Amino acid sequence: MTAKRTIRHRRPDSAKSRCQQRNRRKIQLFLKAYEYCQECDADISLTIRLRHSGEIVFFNSDGSWSPSKEQLATYYPRPKQVTWQEIAARYKS
């Protein structure tokens, strides 16, 4: 039986601490993507768009691999698109 996962939300008090927390999470996400690509011999393309500023941050493990949706549609087996609702459901159950 798996343990129930919970996400604890801690609201930072100031705008500076919110920005620092957001930056730490972004850095950790990119480090995990890099670590996964190194350990699992995988190509990773990760794009983050910050809603409040419109800033786009992009990580690509292989400079030549950044597929469009049209290119992904031609791959077999079909790529899986994971939505935030699916990830959130894993934490709720």
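In strand 2, Phe58 is the bridge partner of Thr47. The model is predicted. Strand 1 and strand 2 run antiparallel and are joined by five bridges. The two strands form a hairpin, with six residues between them. Within that turn, Gly54 has a positive phi of about 80°. Strand 2 has two faces. Val57 and Phe59 make up the covered face. Ile56, Phe58 and Asn60 make up the uncovered one.

Helix 1 comprises 26 residues, 15-40. At 1.5 Å a residue it should span 38 Å. The C-alpha atoms at its ends lie 37 Å apart, which agrees with that expectation. The buried residues of helix 1 are Gln21, Lys26, Phe30, Ala33 and Cys37. An α-helix has 3.6 residues a turn, so residues three or four places apart point the same way. The buried residues of helix 1 pack against both strand 1 (45-49) and strand 2 (56-60). Just after helix 1, Asp41 takes a positive phi of about 50°.

The chain as a whole holds three helices and two strands. From the N terminus on, their order is α-β-β-α-α. Of the 93 residues in the chain, 13% are buried. The chain exposes about 8800 Å². Carbon and sulfur atoms supply 52% of that area. Among contacts between residues at least 6 apart in sequence, 26% join residues at least 24 apart.

How values were computed: Residues numbered from 1 in each chain as written. Predicted model: local features only at pLDDT ≥ 70, side-chain atom pairs only at ≥ 80, totals over all residues. Heavy atoms only, no water. Helix = DSSP H or I, 4+ residues; strand = E, 2+ residues; numbered from the N terminus. Buried < 20%, exposed > 50% of the residue type's maximum accessible area, 1.4 Å probe, protein only. Contact = heavy atoms within 4.5 Å. Areas by Shrake-Rupley, 256 points an atom, 1.4 Å probe, with all protein chains shown as cover. Expected span 1.5 Å × (residues − 1). Pairing = 2+ DSSP bridges.
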